[in-house]
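Work through the exercises below with the structure open. Each task is followed by a stepwise solution.

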Amino acid sequence: MGLRFFLLRPAIFLFLLLVSLLRCATASVTYDDRAIMVNGQRRVLISGSIHYPRSTPEMWPDLIQKAKEGGLDVIQTYVFWNGHEPSPGKYYFEDRYDLVKFVKLVQQAGLYVHLRIGPYVCAEWNFGGFPVWLKYVPGIAFRTDNGPFKVAMQKFTEKIVSMMQAEKLFQTQGGPIILSQIENEFGPVEWEIGAPGKAYTQWAAKMAVGLGTGVPWVMCKQEDAPDPVIDTCNGFYCENFKPNKNYKPKMWTENWTGWYTEFGGSVPHRPAEDLAFSVARFIQNGGSFVNYYMYHGGTNFGRTAGGPFIATSYDYDAPIDEFGLLREPKWGHLRDLHRAIKLCESALVSGNPRVSSLGNNQEAHVYKSKSGACTAFLANYDAKSSAKVFFGNAQYDLPPWSISILPDCKTEVFNTARLGAQSSQMKMTPVNSAFSWQSYNEETASADDDDSTTMNGLWEQVNVTRDATDYLWYMADVKIDPDEGFLKNGQSPVLTIFSAGHALHVFINGQLSGTVYGGLDNPKLTFSDSVKLRVGINKVSLLSVSVGLPNVGVHFETWNAGVLGPVTLKGLNEGTRDLSKQKWSYKIGLKGEALSLHTVSGSSSVEWVEGSLLATKQPLTWYKTTFSAPQGNDPLALDMNSMGKGQVWINGQSIGRHWPGYIARGGCGDCSYAGTYSDKKCRTNCGEASQRWYHVPRSWLNPSGNLLIVFEEWGGDPTGVSLVKRTTGSVCADIYEGQPTLSNWARLTSGKVNRPKAHLWCPPGQKISQIKFASYGLPQGACGSFNEGSCHAHKSYDAPQRNCIGKQSCSVTVAPEVFGGDPCPASMKKLSLEAICS
Ligand code: GAL
């Protein structure tokens with residue numbers, strides 16, 4: 001110690017103060033009218049949603065890496081309250097709910113995080129993310145100026161914020177979180193509920209800001225977001241959005257890359273060209289933050305799907321598919337778009353654009369920085385015709401509904417409608433030799449069962465089950481006198497049941513009399529059919545099944561499920577008997593659930609049958625088999641097409657609800673990328689199962705002895721179930737001569753003739769084994785169905801075969817001499833290629 005140290009102390013203190021001040025000055029996230037500023041620098045940020053519980057921790061690093069390679073700066077996720085607080089005060093942050101681990105993995109990859117705490121999240125997630133117990137807090141009303149709700153919401157929000165702070169995860173602490181979100185799309189609800197909604201918005205913003213995270217908060221779809229909270233846009237397009245104050249940046253928190261699938265609905269797709277167009281249009285109009293919702297949609301494992309009727313797959317037609325594989329051309333096309341945008345970043349953040357007209361439906365947006373950087377976006381909004389426009393001293397050819405990006409105001413490097421990226425065709429290949437199944441019959445419950453409870457009248461389902469299970473039995477005894485007329489005249493009475501949803505199996509004396517179900521548009525259902533009754537006591541057993549709790553709508557917590565009646569029996573001597581008010585017995589869940597048949601230990605508690613005794617096409621049946629994990633790392637799925645409806649488990653983990661028996665209604669018409677997209681456009685699977693494949697995460701498997709359990713409600717044929725692997729079948733390129741590509745940037749800017757290249761590559765572990773199609777000229781069709789057109793260079797196959805066979809990746813220059821000369825000099829030609837990956 002001594003005098004020297006004593007004298008030095010103020011100096012050390014000053015030094016430390018300076019260091020910490022400097023750190024504060026560098027580690028900051030603020031904003032102005034133009035952009036979010038990270039460490040004082042305005043940024044154009046590209047973000048993508050990956051919801052951590054919709055994949056496994058083992059998948060996270062790869063998903064994040066693919067997001068990074070796709071050109072993202074930010075990963076956005078909601079926080080899923082009902083996953084984290086399954087019962088009041090009992091928290092869970094393990095496994096798929098290990099939020100801290102997820103955020104740290106994003107940080108390790110060098111990306112930022114946008115944390116949407118909500119805690120209301122919508123997201124097609126069960127109950128919009130709220131724990132079901134929350135509904136039973138006395139006096140509660142969700143998402144309004146309600147004391148008990150606000151207390152609970154604040155407690156959970158504080159819990160998450162303090163957890164992030166303790167782990168130093170906010171950017172101001174050196175962490176990756178640069179933004180947060182409170183609430184979710186509350187604006188439309190506020191508009192409906194009025195004053196209490198307004199008060200709640202003010203409270204929510206104040207509460208969030210008061211938590212002192214040091215990074216900005218956003219509220220999406222919230223026009224009156226109180227300062228300093230930024231209101232942001234969600235939608236398929238947001239180019240005309242304006243934040244509520246002129247000192248806030250223009251941000252897009254949800255650009256829907258596709259749409260969700262519902263059981264009974266067809267499968268939505270959004271063309272990559274339109275998605276890229278929407279982003280380019282937003283950026284050219286002054287936007288500086290775009291988030292893809294979803295970038296990886298993933299899977300609604302277990303009973304996490306909301307709706308009701310949201311499918312287990314949450315693929316969303318996202319750039320990374322449900323299984324974690326790249327969806328091409330979407331992923332690659334967006335990567336190219338992001339590279340083009342990044343080349344423009346410094347000019348873009350310098351100020352506002354100069355907009356000029358280039359024609360009836362064409363515009364130029366030009367950004368200039370003080371240092372002289374110039375960037376231009378040339379747009380053609382015409383959905384039908386391409387346009388030749390003059391800009392600067394040059395002419396540019398703009399396809400319909402497209403935007404070209406000129407990072408130096410001269411050289412076009414990217415057009416949203418011209419795909420430079422390859423497309424790919426995925427295939428599902430069976431990998432197991434037939435499973436050997438055993439079956440066990442679930443009992444039809446009856447009012448006499450010891451574990452049933454008897455009450456007067458019909459009770460709402462969730463009030464009884466608290467959503468611990470999808471299943472609730474409603475059971476009644478119906479007495480038939482020997483003198484009933486129908487016993488002689490053979491005219492069976494008609495049983496009519498009104499239910500609030502979502503599906504219902506009707507059993508009379510243990511026999512299935514029928515199944516009815518609702519849909520996302522209308523979950524309600526009615527059963528009405530003649531039933532076989534006998535003299536004496538008849539056992540009416542109704543198995544009411546919920547298929548996910550609602551996640552959206554004003555006071556969705558008050559929506560009902562289950563048999564609420566009336567229940568009537570018509571055609572008796574007395575006329576119509578009302579069964580609604582009589583005694584009903586209730587049993588929560590299935591016997592197989594009580595026995596935990598889905599687990600290794602539970603499954604050995606009953607006698608299973610096999611061989612000729614195996615039950616097929618019978619309702620309420622449990623199936624069991626074991627299998628070994630297939631070699632390799634390819635993602636796996638179960639093909640459930642031969643089954644009806646139920647749930648699947650592997651080694652005790654729930655794969656989710658299966659319902660291939662629900663056939664997709666509606667029309668699946670043509671799909672042009674051009675013109676305003678809506679989720680009704682570009683649908684597939686009409687007339688087929690809405691969802692046939694069910695993702696089986698690799699990490700849930702052991703090398704051998706994996707226990708597969710299926711509970712089937714309707715009756716299906718388990719011998720048709722197979723395990724499949726998902727791989728890339730073939731890859732395609734479709735490149736026009738002269739098409740600008742980013743990889744040609746050096747050549748383009750040096751003024752040389754543009755000679756674009758078609759690039760093809762198979763995923764790691766696969767190689768190009770065959771050129772299935774090659775045509776330089778005027779080929780037609782799309783990847784998987786190319787055919788030669790009126791003009792075709794007869795040497796089209798030579799170069800692709802030479803360059804590609806046996807390689808993982810290759811490229812072919814699109815120029816006449818490569819294909820033995822020009823087959824049709826007067827026409828604009830292209831090269832279409834399809835290569836098989838093996
Ligand atoms: C938005 C909502 C998201 C999701 C989306 C549809 O309105 O904020 O959570 O539900 O719709 O997929």
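**Exercise 1. Find how many cavities of 30 Å³ or more the whole structure holds, and give the volume of the largest cavity.**

Solution. 
- Step 1. This is a predicted model.
- Step 2. Searching the whole structure turns up one cavity of 30 Å³ or more.
- Step 3. The volume of the largest cavity is about 50 Å³.

**Exercise 2. List the lining of the largest cavity and sort its residues by class.**

Solution. 
- Step 1. Phe142, Arg143, Val189 and Ile193 are among the lining residues.
- Step 2. The lining also includes Gly553, Val554, His555, Phe556 and Glu557.
- Step 3. Five of the lining residues are nonpolar, two are polar and two are charged.

**Exercise 3. Which domains each give at least three residues to the lining of the largest cavity?**

Solution. 
- Step 1. The chain is divided into domain 1 (45-347), domain 2 (348-413), domain 3 (427-440 + 594-724), domain 4 (443-589) and domain 5 (727-837).
- Step 2. Domain 1 and domain 4 each supply at least three residues of the lining.

**Exercise 4. Describe the interface of domain 1 and domain 4.**

Solution. 
- Step 1. Take the separation: the C-alpha centres of the two domains lie 40 Å apart.
- Step 2. Take the area: domain 1 and domain 4 bury about 2,200 Å² between them, with 60% of it on carbon and sulfur atoms.
- Step 3. Count the polar links: 15 residue pairs are in polar contact between domain 1 and domain 4.

**Exercise 5. What is the N to O distance in the salt bridge of Arg303 and Asp470?**

Solution. 
- Step 1. The side chains of Arg303 and Asp470 meet at 2.8 Å, N to O.
- Step 2. The pair qualifies because the cut-off is 4 Å.

Definitions and conventions: Residues are numbered from 1 along each chain as its sequence is written. This is a predicted model: local features need pLDDT of at least 70, side-chain atom pairs count only at pLDDT 80 or more; totals for chains, interfaces and linings use all residues. Side-chain values use heavy atoms; hydrogens and water are left out. On a 1 Å grid over the protein atoms alone, a cavity is a set of points where a 1.4 Å probe fits but cannot get out, and a pocket is an open set with protein on both sides within 12 Å along at least five of seven lines; lining residues have an atom within 4 Å of a point. Grid points are joined across faces, edges and corners, and a volume is the space filled by probe spheres set on the points. Ala, Val, Leu, Ile, Met, Phe, Trp, Tyr, Cys and Pro count as nonpolar, Asp, Glu, Lys and Arg as charged, and the others, Gly among them, as polar. Domain bounds come from an automatic or database domain assignment. Buried area is the accessible area (1.4 Å probe) that two parts lose on being put together, summed over both. A polar contact is a pair of N or O atoms within 3.5 Å; within protein, one must be able to donate a hydrogen and the other to accept it, and residues adjacent in sequence count only if both atoms are side-chain atoms.
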